[in-house]
Amino acid sequence: MAENDSGTQTQTIEPPPTIAGHIAGTVKRLRKERSWSLDRTAGETGVSKAMLGQIERGESSPTVSTLWKIASGFRVSFSTLFDSAKPALGELHRNGLESVWGDDSVGMKARLLFPYDPLLGFEMFMIELAPGALSESSPHASGVVEHIVVIEGQMELCIDGRWQTLHEGEGIRFFADRPHSMRNATDTRLRCHDVIHYLPGAASGA
């Protein structure tokens, strides 16, 4: 509570934390809950100790690929790093209220539409790639399945070293526990829906 010039008390509303701040606090919390040192965390995630320290201090804006490595190493859902909110079934998710992590260093923007639901076992993102952008992902945890549907533009997708083209309205489903890449080779933006499904035991919403 704060007191104004008239002597009456008013409630001070703290602004919500930034996504970068949420990521920093979540990574630190996940590491402490497991009693992992930075060295152990680096070994489990494949992200360097120096980079992890920068992320925990809020000094680095990690790429989506780096965040995937962290989520896979901790065996948590990807959206855990973005947002801890869990909308109830039937809840309307209004445009403009989503959590956004973008643009990262490779020109990729990820917008969280629905956070991980442990009952249904999935989360959903809107992905946007700038013209000419290439996003390369390391293998996700075993039991992670991605469903991608292009809603604007054209995507070049590489799975197991084989490139294929997805046009607007086309989709694909694949096991994501292998290297895969998304590329926008056009001069216009690319947007797609990415539904990530976790088979039982593949991740938690912690």
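Author: Start with a group of charges: E128, E152, R189 and R191 are linked in a network of salt bridges. A salt bridge here is a side-chain nitrogen of Lys or Arg within 4 Å of a carboxyl oxygen of Asp or Glu. This is a predicted model, in which local features need pLDDT of at least 70 and side-chain atom pairs count only at pLDDT 80 or more, while totals for chains, interfaces and linings use all residues. Residues are numbered from 1 along each chain as its sequence is written, and side-chain values use heavy atoms, with hydrogens and water left out.

Reader: How many salt bridges does that rule give?

Author: The count is twelve. In one of them, R189 pairs with E152, the closest N and O atoms being 3.0 Å apart. R189 lies in the loop between strand 11 (180-183) and strand 12, and E152 in strand 7 (residues 144-152), so the pair ties together parts that are 37 residues apart in sequence. Helices (H or I, at least four residues) and strands (E, at least two) are DSSP runs, numbered from the N terminus.

Reader: Where do E33 and R29 lie?

Author: The general idea comes before the case. An α-helix has 3.6 residues a turn, so residues three or four places apart point the same way. E33 and R29 both lie in helix 1, four residues apart, about one turn of the helix, and their side chains meet in a salt bridge at 2.9 Å, N to O. In helix 2, E44 and R40 are also four residues apart, and their side chains form a salt bridge of 2.9 Å, N to O.

Reader: Which residues of helix 3 are buried?

Author: Buried means under 20% relative accessible area, exposed over 50%, and partly exposed in between (1.4 Å probe, protein chains only). In helix 3 (residues 49-56), the buried residues are L52, G53, I55 and E56. They cover an arc of only 160 degrees around the axis, which puts them on the same side of helix 3; the arc is that of the directions from the helix axis to the C-beta atoms. These buried residues pack against helix 1 (19-33), helix 2 (38-45) and helix 4 (64-74).

Definitions and conventions
Contact means heavy atoms within 4.5 Å.
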